[in-house]
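The sequence and structure are shown first.

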Number of protein chains: 2
Amino acid sequence: MSDESDFTRLADLRLTIVGLGLMGGSLAMALRGKVARLTGVDADPATRQAALARGVVDSATSDLAEGVSNADGVVLATPVQTILRLLGTIGPHLTDGCLVMDLGSTKHTVVEAMNRLPPHVMAVGGHPMCGKEISGLAAAEATLFRGCRFVLCPTGRSPEPALRLARALVEAVGADVVEMDAERHDRLTAAVSHLPYLLSVALVGAVKTVADEDPLAWRLAASGFHDTSRLAASQPIMMRDILLTNREASLDALEQAVDVLLGLAAEIRAEDSEALLARLTAIQRARMDWEASR
Amino acid sequence: MSDESDFTRLADLRLTIVGLGLMGGSLAMALRGKVARLTGVDADPATRQAALARGVVDSATSDLAEGVSNADGVVLATPVQTILRLLGTIGPHLTDGCLVMDLGSTKHTVVEAMNRLPPHVMAVGGHPMCGKEISGLAAAEATLFRGCRFVLCPTGRSPEPALRLARALVEAVGADVVEMDAERHDRLTAAVSHLPYLLSVALVGAVKTVADEDPLAWRLAASGFHDTSRLAASQPIMMRDILLTNREASLDALEQAVDVLLGLAAEIRAEDSEALLARLTAIQRARMDWEASR
């Protein structure tokens, strides 16, 4: 606390958010009145106009250099491949001691790119574990981050003041800070976040094959299909970027799921009622234990 | 309509429901006041007591023969393997012209067993496309069937009056009748209903493997994991019976999903950004089209 005056407090922060979609727009809304100034950078004129009209940001521009030039903090809220590209060009436009964060769903490639920022800049990787399958500013809401886990990954540009400011920002939007290194983040989220998406895609793909022959399949699909396939409606560019920037861990998680599916297939084929029931019972217990622990 | 007087009308029906769990209990609640008498058959004394105390049924017994002896209609609302066993023994206890239905999630083995009922009995296979991952009478509710598709499968014991009474029962609980043969039902539901369960099980299995090494995985799991894994909490005996009485179609659906997963893995491994994006975009569109058509 004693050295807090040396560094920017959240209330004094001039913050620029790059990308005013679901995540960036929600972050701006959640930080309204809690920071000194909010600037939005977005390539889409309609999005900028809507963000200004709704009071989501104080100013908006399509020009990255202009948008970040006087900022004390910059949050990159775009698909991961765009974050990586921005991190390669943004450095020279940033003021001394500016904190760069991101909201990308994979972290080790982002942290590597953050480590290559010029030394006058601070950086912390971020990943709020929340979202919706719909995207865009129209879906944004101030409460999106409330109660969610928000992972922070330290980088080679993360002195203690950087982490303190990042934590303050996370807490200000009502999320719970979880700190870990980027590799651990990527391994765990491949299983709990990217794999659900891949399985959801596999479900829709398989049903589509059946429904192409007999369209009544779509009509019989009910709440089970609805929930299990929900993530398949996620924004494809965002998801492609996630999968390609977390290849190894995504492939590992995928392989583990295929192993379970092949195990189930073997038990069903062999009519091994006992093994099948034991497996389904263990899985049911794990899911119920997780639900109870939330 | 002219010959309706020859057959039982719903309001005159003395109905017996075998199995007062989520589905049977909900059916009884939904038919309250719409049939002449409701009898419940359940092996569990606490369930019978609760059903009587809550006014779900007029009378309850653990004795199948006693419970069905004066019924004009009997609905079997147990796991599928139990339905098959009951269909093998129930015949001699049924009155002339009694209609037997079931609520099982697979139909061709059930319809085969219905075809072996004595000729004085009528039978129609049924499958309401609704449910919850939780089970038991405590989870039952009168509105469970409202707005859901309710598949009816004709059998060799389905004269027109049987189908008419079955349709009346479905409509009385607020569901939409969809009639099709049992093989078609089983092929379509393997894709839209049993496959979501299998993928949900695979997700929990894969996450469990990761979490056994690093329990933080469970803490990072959020709404995406929640929805995609919801069905894994389904009652294991019910699900085992479904998978083993619809083996071929379940295995086909499983294989189709594994094909998609292996295709995704190949594209991720090769970093084939274009093919991956094209696939994810086509799947997103299919899921959004389905959602819009509901």
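## Salt bridges and the interface

In this predicted model, a network of salt bridges links A:Glu160, A:Arg167 and A:Glu179. Over all chains the count comes to 32 salt bridges. Side chains of opposite charge can pair when their charged atoms come close.

| Pair | N to O distance |
|---|---|
| A:Asp214 and B:Arg184 | 2.7 Å |
| A:Asp214 and B:Arg187 | 3.7 Å |
| B:Arg240 and B:Asp241 | 3.1 Å |
| B:Glu267 and B:Arg279 | 3.1 Å |

B:Glu267 is buried at 13% relative accessibility, while B:Arg279 is partly exposed at 25%.

The salt bridge between A:Asp214 and B:Arg184 crosses between chains, from the loop between helix 7 (182-213) and helix 8 (216-220) of chain A to helix 7 of chain B. A:Asp214 counts as buried at 9% relative accessibility, whereas B:Arg184 is partly exposed, at 28%. A:Asp214 also meets B:Arg187 in a salt bridge.

Between chain B and chain A there are eight salt bridges, and 28 residue pairs are in polar contact across the interface, both residues being at pLDDT 80 or more. Helix 7 of chain B gives the most to the side of chain B that touches chain A, with 21 residues. By class, that side has 52 nonpolar, 15 polar and 15 charged residues.

The contact involves 82 residues from chain B and 82 residues from chain A. Together the two chains bury about 8,200 Å², of which 72% is on carbon and sulfur atoms. B:Leu220, B:Arg287 and B:Trp290 supply 9% of the area that chain B buries against chain A, more than any other three residues.

## Helix 2 of chain B

Helix 2 (residues 45-53) of chain B has B:Thr47, B:Arg48 and B:Ala51 as its buried residues. Seen down the helix axis, these fall within an arc of 100 degrees, so they line one face of helix 2. B:Gln49 and B:Ala53 are exposed on the other side. Strand 3 (59-61) of chain B is included in what covers the buried residues. Just after helix 2, B:Gly55 takes a positive phi of about 70 degrees.

Key. Residues are numbered from 1 along each chain as its sequence is written. Chains are lettered from A and ligands numbered from 1 in the order in which they are written. Side-chain values use heavy atoms; hydrogens and water are left out. Buried means under 20% relative accessible area, exposed over 50%, partly exposed in between (1.4 Å probe, protein chains only). Helices (H or I, at least four residues) and strands (E, at least two) are DSSP runs, numbered from the N terminus. The arc is that of the directions from the helix axis to the C-beta atoms. Contact means heavy atoms within 4.5 Å. Buried area is the accessible area (1.4 Å probe) that two parts lose on being put together, summed over both. A salt bridge is a side-chain nitrogen of Lys or Arg within 4 Å of a carboxyl oxygen of Asp or Glu. A polar contact is a pair of N or O atoms within 3.5 Å; within protein, one must be able to donate a hydrogen and the other to accept it, and residues adjacent in sequence count only if both atoms are side-chain atoms. Ala, Val, Leu, Ile, Met, Phe, Trp, Tyr, Cys and Pro count as nonpolar, Asp, Glu, Lys and Arg as charged, and the others, Gly among them, as polar.
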